[in-house]
Every structure is written in structure tokens, then in C-alpha cells.
Amino acid sequence: MLRAPRCLLWTSVAPAAALAAALLSSFARCSLLEPRDPVASSLSPYFGTKTRYEDVSPGLLAGTEAPWRDPELLEGTCTPVQLVALIRHGTRYPTAKQIRKLRQLHGLLQARGSRDGGASSTGSRDLGAALADWPLWYADWMDGQLVEKGRQDMRQLALRLASLFPTLFSLENYGRLRLITSSKHRCVDSGAAFLQGLWQHYHPGLPPPDIADMECGPPRVNDKLMRFFDHCEKFLTEVERNATALYHVEAFKTGPEMQNILKKVAATLQVPVNDLNADLIQVAFFTCSFDLAIKGVKSPWCDVFDIDDAKKKGEVLEYLNDLKQYWKRGYGYTINSRSSCTLFQDIFQHLDKAVEQKQRSQPVSSPVILQFGHAETLLPLLSLMGYFKDKEPLTAYNYKEQMHRKFRSGHIVPYASNLIFVLYHCENAKTPKEQFQVQMLLNEKVLPLAYSQETVSFYEDLKNHYKDILQSCQTSEECELAKANSTSDEL
């Protein structure tokens, strides 16, 4: 059940914004999704990076704060001594760009309704008319900010991790927590909500103090780590600002799969097919996801993708989103992942320091490092490590062949997704090499090693496998523009 916030996290907003926030709070408390809703459950797997965390972590649905434990986690004589977590922000509002596109579509439906009175050929009220009358409550000020459900995502994640690794998240260690964040408000606010969740763990029933007054201090902004892509000139030039870099995304929009959906949606909404395009179809799909994730309601936008055809439409629209993530953040261009080398090396610097301190019988100075970023932070790093790589690249022309692909962004980086490195010290190790072992978790489930499918690695072996990245990947060199710009590294 969604909880009302204990306190407002902003102090002054425009009256219209305050009203919208009040309405949102009311919806969040009173208009919860029916748990067996067929449309919501059939569309939910296909929302890509707009996917709710609980939809890809069904084990959490029984009790989102229950300390579910993956049976593959090490225990016994191996004690966790450090945890380094990369955490995507929680559920957020649409961006201003997405809101503008929604207004465009909403205006189109309202214009159509004013022409024909909103009645279908049989005289009944149709879906297009219902959507025209559906309150468009999204406002420009929202622009990607964290919502109350997103704060709840973070508080609950904090409670679960603290229960899963009690020695690391002990009250004694609270003052030694290190929090790093992207400068975006949704990430800063996610870090703050996580700390509130830990406070709830330590002091049940007591309201948390201001973040600035907490012993560990507020999250520290570091965009060079958490938004490394903004600081990589080669990526910015060859991918971000390159009109042809997302060729396969644009080609798929005009391909037969998307055009078939375009025609069906135009018929459903009773608007000329020429008035619609793939971008407007996608914004309608994502509006269904936002209403579901933020307010917990199934809005009429979901009905655009009717029950009979929901799975097929969902799969096509998911592929469109995955194409963008693949070519902009994944394996499409080498620089996508190589730009994350600094972040990868930073993780191992923390682990190295912890190993060195344990070898000297010293306490680990930073037992928990929490880094709050974006889907765009996690996907390149996972690609750098070799995860979710398909035999063939995703293209505009092999949709059917990629139906069972590994690269499904919604299953990898939903809201509140997390990649966790856990360093263990094993007391009864037979050799020095066996003393330190590492496990990785993705979304709280043990992530087998990309190169061996084992669920645990000796720390030394893990470092050796990624030796090239740790020793030879220099961001200044990787991100330096060649004299002649080229995207010839396309797969």
C-alpha cells in the first residue's frame, strides 16, 4: 500500500504545482491498481526503462520490505566486509519533453472530438473521446523529478539491504556510509530517501531528521562518475549529437511492425493515420506506464493497446525502446561502454582498499558505498563487463530473430534497479587467494559472472579477468576525438 509522505521535500511551489501535488498524493493513497488487472499485467513486462521494480522482481510482491535472501549468497565462514552499490533513481515523473509530446497527442484527440462530438459510428462514446476528456495532470515543473512512489522504492530498498547485510549496515557503521549521486534532483532525492529508509531500520517509529543532520551526511554530487557520458567528448560527438547514430531506431519506426501498430491505433482512436507517428504512439504507451507507476491506476491510455493485441503491441514497442538503449547506451558503439571505465575502476579502488585494510587487520574505512545514478549509468557499465550481449546486434530488420534476446532494458534497469558488489573475507581459506571473494547482485538477485556463469569469484581472479579495463582503459584517451570523426566501430 502506498504511504503518504511524512513531510514535504520542497517548501515553495507555484499554486498550480501544489494543487497537482495534492491531487497526486490523493490518487496515490486512494486509487490503487487492482492486483489482477489483465491489461496492466499484460503490458507491464514491456515498458522498458519505465518498468516498475516490482514487475521484474516478483519475489518482492508478497512483501516489498521482506528480507528475501537469494540462496546463492555466500554465508557461513565468509563474512561480507564491503558493499559497493550502483542504484538507479526511483520512479519519476515524465520529462518535460515527454509531457510536450503527450500534450500534442491530447490536443489532437480534443480537436477530433470537437469536430464529431466524440461519438462513434454506432453513437456510443469511443476511446478517443474518453482520452480527450481524461485529465492531463502532468505539468512542465515535474520534468523527471522523483515522485513519492520513487521515494518509497528507495526506502524499501534500504530496509531490504539493511536486513540482508546487517553487519555492513549496522548502526555502528552508519557514520561511515559513503553516498555519491548524480546532480539530477531525482538522484539526490533518491539518496535522501534511502537514508530515510535506513533511519527507519535503526529507529522504527521515529521520524527521520533532516538529511543534513544525519551522521553520515547528505549524498555528495559527482557527475564525472555518475554521469560520465556527459564528460566524454567522443560519445557526445559520435553518438549523442550524431543524427545518424540511431539509424536503426528511426528505421524501425517506419518499418512494418511499427506501421502496423500505427494503423491499428489510428483506427482505435478514430484519427487519420497521417496525424500519428511512432513517437506519439510511444508517448501514449509510456503514459500508460507513468500512470501505473506513479499513481497506481490503469488509465484509458492503456486501453489504446487493447487486451487481445496487448502482448504483440507491447513486444514491438519494447523493442523500439531497446533499440535506442542498445545503440545509445549498450553494445551498438564501443564508446558507449568504454566511457564508463572511470566508474568501473572507482568500484575496484574501493574493493582494493578494503582488501588492503583487512590484510593489515584494520577496520574497513568505508564498509558501504552507495552511488545513485541513472539507467544510462548502469547499462554502459554492464555492457563493459560483458553482460546481456546477444550473438547478433539488435537492428531495425531482425525484430523476429531477437524475440528471445538477452538485452531487454526493462528486465535489466527498471526504476530503482541496482548493481551490487559484495566483498567477502573468508576465515577458513586454505590459501591467501581464497581469503577474499566477490559476488555481484543485479536487482537483489545474485548475478552469475559473465565469463564463467559461476555465482562467486576469488577477488584476484575477477581482477585478472577485467585486467584490460582496470589497467589500460584511460577515459582521457578513450573519450578523445580522433582527427577524423567516425562511427566505424558500429557492430
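Predicted model: local features only at pLDDT ≥ 70, side-chain atom pairs only at ≥ 80, totals over all residues.
Start with the empty space inside the protein. Rolling a probe the size of a water molecule over the atoms shows where such space is left. Here the count comes to four cavities of 30 Å³ or more. Take the second largest cavity. It holds about 50 Å³ of space.

Pro94, Gln98, Ile99 and Leu102 are among the lining residues. Val283, Phe286, Thr287 and Phe290 also line this cavity. Two helices, α4 (96-116) and α12 (278-295), each supply at least two residues of the lining. The biggest share comes from α12, which gives four residues. By class, the lining has six nonpolar residues and two polar ones. No charged residue takes part.

Now follow the chain past α12. The loop between α12 and α13 (300-303) contains Ser299. Is Ser299 buried or exposed? Ser299 counts as buried because its relative accessibility is 0%, and the cut-off for buried is under 20%.

What is Ser299 in contact with, leaving aside its neighbours within four places in sequence? The partners are Trp134, Cys288 and Asp291. With Asp291 the link is polar: the two side chains make a polar contact at 2.9 Å.

How values were computed: Residues numbered from 1 in each chain as written. Heavy atoms only, no water. 1 Å grid on protein atoms, 1.4 Å probe; cavity = no way out; pocket = protein on both sides within 12 Å on 5 of 7 lines; lining within 4 Å. Points joined across faces, edges and corners; volume = space filled by probe spheres on them. Nonpolar A, V, L, I, M, F, W, Y, C, P; charged D, E, K, R; others polar. Buried < 20%, exposed > 50% of the residue type's maximum accessible area, 1.4 Å probe, protein only. Contact = heavy atoms within 4.5 Å. Polar contact = N/O pair within 3.5 Å; in protein donor to acceptor, adjacent residues only side chain to side chain.
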